[in-house]
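Subject: Structure handover

Hello,

Here is the structure we spoke about, followed by notes on what was found in it. Please read the notes with the model open.

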Amino acid sequence: YFLKNRTPVDDLIGMVRDYPEDIEKFTVNLPKDDQGNQIGTEDVLELLKPYEDKLHIVYGGAINIEVSSATAFKGNALLYLYDLLGLDKEEAITFGDSGNDLDMVGCAGKFIAMANASDEVKAAADYVTLSHTEDGVADYIEKFVL
């Protein structure tokens, strides 16, 4: 499924430059050096800088940058769902651990970070629960929702 739904592009920057409105999403996976530092982040961000007004660019995890349509991000998706389902965003709770989850801050009554989240995500959270490997979402719901 993963491979069947991807379109290889020989010139990614050319695609971004010439057809930014056609981009749904792509991910740039970056290697790490021996000290665990991401290699090439600044170079990739510099290449994408001229297109920041046409694309949504976030860190999807420790080693990648996610690039999508300017309107295709988690916060927008939540707001669309609330409207579609007639829900009040203040009654919703969102959970996250990566930079790509920061779009959900302010799009729900509460934003909860996982213990394994980046410092930036934890700082934006209303509460920090257990890590994803410790069933942090379930722990939060059992403590505060049920």
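Strand E2 (55–61) and strand E3 (64–69) each supply at least two residues to the lining of the second largest pocket. Helices (H or I, at least four residues) and strands (E, at least two) are DSSP runs, numbered from the N terminus. This is a predicted model, in which local features need pLDDT of at least 70 and side-chain atom pairs count only at pLDDT 80 or more, while totals for chains, interfaces and linings use all residues. Residues are numbered from 1 along each chain as its sequence is written, and side-chain values use heavy atoms, with hydrogens and water left out.

Pockets

The second largest pocket has a volume of about 170 Å³. A pocket is an open set of points on a 1 Å grid over the protein atoms alone, where a 1.4 Å probe fits, with protein on both sides within 12 Å along at least five of seven lines; lining residues have an atom within 4 Å of a point. Grid points are joined across faces, edges and corners, and the volume is the space filled by probe spheres set on the points. E3 gives the largest share of this lining, three residues. Among the lining residues are His 56, Val 58, Glu 66, Val 67 and Ser 68. By type, the lining of the second largest pocket divides into four nonpolar, three polar and five charged residues. Here Ala, Val, Leu, Ile, Met, Phe, Trp, Tyr, Cys and Pro count as nonpolar, Asp, Glu, Lys and Arg as charged, and the others, Gly among them, as polar.

The largest pocket holds about 560 Å³ of space. It is lined by 16 residues, and Asn 5, Arg 6, Thr 7, Lys 25 and Phe 26 are the closest to its centre. Helix H1 (12–18) and strand E1 (25–29) each supply at least two residues of the lining of the largest pocket, and E1 gives the most, with five. Eight residues of this lining are nonpolar, four are polar and four are charged.

Sheet

Three strands form an open sheet in the order E4-E5-E6, with parallel pairing. E4 and E6 are the edge strands, each pairing on one side only. Two strands pair if DSSP finds at least two bridges between them. Four bridges join E4 and E5; Ile 93 has Lys 110 in E5 as its bridge partner, and Phe 95 stands opposite Ile 112 in E5. E5 and E6 are joined by two bridges, and Ile 112 stands opposite Tyr 127 in E6.

Thr 94 belongs to strand E4. Thr 94 counts as buried, because its relative accessibility is 5% (buried means under 20% relative accessible area, exposed over 50%, partly exposed in between, with a 1.4 Å probe and protein chains only). Apart from neighbours within four places in sequence, Thr 94 is in contact (heavy atoms within 4.5 Å) with Leu 78, Met 104, Ala 108, Lys 110, Phe 111 and Ile 112.

In helix H5 (residues 136–144), Gly 136, Asp 139 and Tyr 140 are buried. They are on the same side of H5 because they cover an arc of only 95° around the axis, taken from the directions from the helix axis to the C-beta atoms. The cover over the buried residues of H5 includes strands E4 (93–96), E5 (110–113) and E6 (127–128).

Asp 135 lies in the loop between E6 and H5. With a relative accessible area of 52%, Asp 135 is exposed. Phi of Asp 135 is near 60°, a positive value in a residue other than glycine.

Regards
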